[in-house]
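Trainee: Please put the structure up, and then I will ask about its salt bridges and one of its sheets.

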Amino acid sequence: MATVLCRVVARATVCVGCIGVVGAGGWCHAGADLPPAPALIGLGDLPGGGFGSRAFNMTPDGTVVVGVGTAALGQKAFRWTVAGGMQGLGSLPGGGATSVATGVSVNGQVVVGWSASHNGPQEAFRWVNGLGMQGLGDLPGGPSLSSATSVSASGDVVVGWGTPGESQAEAFRWSVTGGMVGLGDLPDGLYASRATSVSGNGNVICGWGSTGIGVNQAFRWTAAEGMVGLGYIPGAFLQGSQAQDISFQGAVIVGNGWANIGVQAMRWTAEDGMTALGDLPGGSQPFSFAFSVSGDGQVIVGSGNTELGAEAFVWDAVNGMRNLKGVLTDAGVDTNGWRLAEARAVSLFGDTIAGWGYHDGREEAFLARLPEEEPRPCTGDLNGDGVVDIQDWLVALGSLGDCADCDDCPSDLTGDCQVDGADLDALFQYWGPCP
């Protein structure tokens with residue numbers, strides 16, 4: 001039975017069902033502990049072939065990473081753990097050796113992706129630890145060409161795309177109980193859609209579809225509303241957008257779109273719509289892509305364009321877009337010999353990032369642990385328990401009167417060197433959990 005664990009993040013509660021171990025801090029723990037932050041860890045490669053690996057996804061705690069490596073017979077999907085290192089997942093029977101892993105469940109026990117098989121050159125798969133790899137087939141009517149891109153927290157819902165006709169792709173949702181079901185496309189388009197990510201509970205899906213004007217548009221899908229287009233970056237000279245990932249609760253979607261200058265990473269919410277995130281400095285023109293958003297929706301990672309070419313970035317609302325290698329280097333991490341090209345996955349609370357780059361000239365998957373940030377001040381939390389509530393109001397009530405030290409008077413929220421009714425009223429605008 002799954003244990004439901006929650007944390008308060010930015011005045012909202014984020015929960016997942018933990019089927020693994022409950023680790024330090026009361027969070028889902030898929031494997032052994034990671035090295036202390038900050039750190040940059042090269043994940044190596046599969047044995048037997050030339051050297052080359054890329055990480056595409058990881059568990060919310062960052063202890064299990066999946067992607068593709070180079071084995072003796074070609075490219076193979078891998079699953080990396082702290083304790084066991086990189087292990088190949090094999091491929092579906094009858095189609096050759098190629099396979100790629102793109103998604104992983106919360107506990108790290110279910111992996112999805114695509115593999116060559118006897119059905120064709122590319123078939124969506126679901127791999128379960130101890131049971132191996134299962135082909136998921138394709139939507140009816142096409143040439144047997146499909147790919148799984150993401151999996152729900154429990155591992156029971158898989159999304160991706162299939163090929164119901166000779167040339168069109170269609171987003172799908174696969175479940176253990178219902179099998180593969182096509183999700184259709186946006187209205188008036190060329191009937192071509194792809195699902196790229198799914199919320200933790202498996203009920204909200206993002207991706208992109210085709211529109212009546214012949215361009216891609218990011219979408220958000222639910223059973224109640226179907227496929228809904230998310231529009232485009234305002235002020236763009238050209239129209240076009242793609243969604244690449246969705247937050248754990250399905251409220252924040254990230255991807256890329258045409259902006260007023262070039263293609264830029266974007267962030268979408270129902271409140272703010274689609275906003276461009278800019279690009280890293282130094283490139284000839286803006287060309288950035290957001291590949292992943294933290295489960296709490298606060299941290300975004302991807303790849304931007306610099307004078308060196310593609311470089312990984314990390315973005316948050318306070319610091320904006322930063323070069324990932326620069327963040328690690330400034331924190332004292334030895335990054336010599338690395339060019340971090342793409343950040344492809346970020347942990348639930350944004351402190352661990354997986355991706356791939358060039359290490360001494362060779363492609364290698366990496367895991368990066370960001371430096372711990374100083375806690376942000378929480379106005380109104382007078383007793384320091386992480387929430388502004390009646391206990392803080394009582395503290396302020398007990399402090400009524402002139403401040404003994406105007407520079408050190410926490411209950412004086414209005415800054416007039418006294419605690420009075422105005423400060424008691426001001427507490428209510430900060431009511432709730434600290435961000």
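**Salt bridges and a sheet**

Mentor: At 25% relative accessibility, Glu 363 counts as partly exposed. Keep in mind that this is a predicted model.

Trainee: Which residue forms a salt bridge with Glu 363?

Mentor: Glu 363 lies in strand 32 (residues 362-369), and its partner belongs to strand 6 (residues 48-58), so the pair ties together parts that are 309 residues apart in sequence. With the closest N and O atoms 2.8 Å apart, the residue that forms the salt bridge with Glu 363 is Arg 54.

Trainee: In the salt bridge of Asp 156 and Arg 126, how many residues apart in sequence are the parts that the pair ties together?

Mentor: The side chains of these two residues, Asp 156 and Arg 126, meet at 3.7 Å, N to O.

Trainee: Is Asp 316 buried or exposed?

Mentor: Asp 316 forms a salt bridge with Arg 322, the closest N and O atoms being 3.5 Å apart. Arg 322 counts as partly exposed, at 24% relative accessibility. The cut-off for buried is under 20% relative accessible area. Asp 316 has 6%, so it is buried.

Trainee: Which residue in strand 27 does Ala 290 stand opposite?

Mentor: Strand 26 and strand 27 (residues 299-306) pair in the antiparallel sense over 4 bridges. In strand 27, the residue opposite Ala 290 is Gly 302.

Trainee: With which side chains does the side chain of Glu 342 make a polar contact?

Mentor: Glu 342 is found in strand 30 (residues 338-346), and at 16% relative accessibility Glu 342 counts as buried. Leaving aside its neighbours within four places in sequence, Glu 342 is in contact with residues including Gly 302 and Phe 291. Its side chain makes a polar contact at 2.9 Å with the side chain of Arg 344, and another at 2.9 Å with that of Trp 356.

Definitions and conventions. Residues are numbered from 1 along each chain as its sequence is written. This is a predicted model: local features need pLDDT of at least 70, side-chain atom pairs count only at pLDDT 80 or more; totals for chains, interfaces and linings use all residues. Side-chain values use heavy atoms; hydrogens and water are left out. Two strands pair if DSSP finds at least two bridges between them. Helices (H or I, at least four residues) and strands (E, at least two) are DSSP runs, numbered from the N terminus. Buried means under 20% relative accessible area, exposed over 50%, partly exposed in between (1.4 Å probe, protein chains only). A polar contact is a pair of N or O atoms within 3.5 Å; within protein, one must be able to donate a hydrogen and the other to accept it, and residues adjacent in sequence count only if both atoms are side-chain atoms. Contact means heavy atoms within 4.5 Å. A salt bridge is a side-chain nitrogen of Lys or Arg within 4 Å of a carboxyl oxygen of Asp or Glu.
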